[in-house]
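Hi,

Here is the structure I promised to pass on. Have a look, and then read on for what turned up in it.

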Amino acid sequence: MEGVTNSISVTSGCEIFRRFITLVSMDALDVEECRAKMIHRGIVYYKRCSEAQAIISKLALPFIRDEVRILTHSYSRVVFSLISAATNARKRVRVIVTRAERAPDTGNYTSSVCKGEEMVEKLKKIGVPCALILDSAVGYTMDKVDLVLVGAEGVVENGGIINQIGSSQTA
């Protein structure tokens, strides 16, 4: 998948979408009715996915206490949304972010991509004090944090998550 930084999340999302839109019985429908139903279910799926970040943030917000020190691995839209919600709720948070350095998808291994830097930039824009650390410094940092938050690239049927390399050492 050219241009996609992580095809696991795309593949997972497509599989869930495929399952969602085909849940309804299409046996007694003609082609146009079937098409209209699938489009409608696709729109419902999109709305649910769009609302998911806000729902997760709302449910997780009570677990973020004032003056908490958070460690997170790389960049996650959901983790960023939760930290943003915490700051909007006037909770003071400090965040340590791992660099999550990896070779770019282009095959050019002379430079690297650090999604952690993106997270730090976004957090600084909303006024969150944060620090960027090497992935290998997680063990050293663990006793300095109160909470670890990681995103998920994919969720498997048994509830396990698939995430970027380096996430398991923070778990």
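A crossing of two helices is left-handed if the near helix is turned anticlockwise from the far one by less than a right angle, and right-handed if clockwise.

Before the details, some housekeeping. This is a predicted model, in which local features need pLDDT of at least 70 and side-chain atom pairs count only at pLDDT 80 or more, while totals for chains, interfaces and linings use all residues. Residues are numbered from 1 along each chain as its sequence is written, and side-chain values use heavy atoms, with hydrogens and water left out.

**Overall layout**

The protein chain has 5 helices and 8 strands; helices (H or I, at least four residues) and strands (E, at least two) are DSSP runs, numbered from the N terminus. Going along the sequence, the pattern is α-α-β-α-β-β-β-α-β-α-β-β-β. Of the 171 residues in the protein chain, 32% are buried, where buried means under 20% relative accessible area, exposed over 50%, and partly exposed in between (1.4 Å probe, protein chains only). Looking at contacts with a separation of 6 or more, 65% are between residues 24 or more positions apart. A contact here means heavy atoms within 4.5 Å.

**Helix packing**

Two packed helices are described by the angle between their axes and the distance between the axes. The axes are lines fitted to C-alpha atoms, for helices over the stretch in contact, and angles run from 0 to 180 degrees between N-to-C directions. Angles under 35 degrees count as roughly parallel, over 145 as roughly antiparallel, 65 to 115 as roughly perpendicular and the rest as oblique.

Start with helix α2 (residues 31-60) and α3, whose axes come within 9 Å and cross at roughly 50 degrees. That angle makes α2 oblique to α3, and their crossing is right-handed. On the α2 side the residues involved are Gln 53, Ile 56, Ser 57 and Ala 60, and they meet Arg 77, Val 78, Ser 81, Leu 82 and Ala 85 in α3. Sorted by class, that contact of α2 with α3 has 5 nonpolar, 3 polar and 1 charged residues. For the classes, Ala, Val, Leu, Ile, Met, Phe, Trp, Tyr, Cys and Pro count as nonpolar, Asp, Glu, Lys and Arg as charged, and the others, Gly among them, as polar.

Ala 85, in helix α3, touches Ser 57 and Leu 61, leaving out residues up to four places away in sequence.

**Residues to click on**

How accessible is Met 119? Met 119 counts as buried, at 0% relative accessibility. Not counting residues up to four places away in sequence, Met 119 touches Thr 72, Ser 74, Tyr 75, Ser 76, Val 79, Phe 80 and Val 97. Met 119 and Leu 132 are 13 residues apart in sequence, with 9.1 Å between their C-alpha atoms.

Thr 141, in helix α5 (residues 138-141), is buried too, with a relative accessible area of 5%. The side chain of Thr 141 reaches the backbone oxygen of Ala 137 at 2.8 Å.

Arg 94 lies in strand β2 and is partly exposed, with a relative accessible area of 46%. Among the residues that Arg 94 touches are Glu 67 and Pro 129.

Finally, two backbone values for your list. Glu 67, in the loop between α2 and β1 (68-73), has a positive phi of about 60 degrees although it is not a glycine. Arg 90, in the loop between α3 and β2 (93-98), has a phi near 65 degrees, again positive in a residue other than glycine. Glu 67 is partly exposed at 47% relative accessibility, and Arg 90 is exposed at 72%.

Cheers

Key
Polar contact = N/O pair within 3.5 Å; in protein donor to acceptor, adjacent residues only side chain to side chain.
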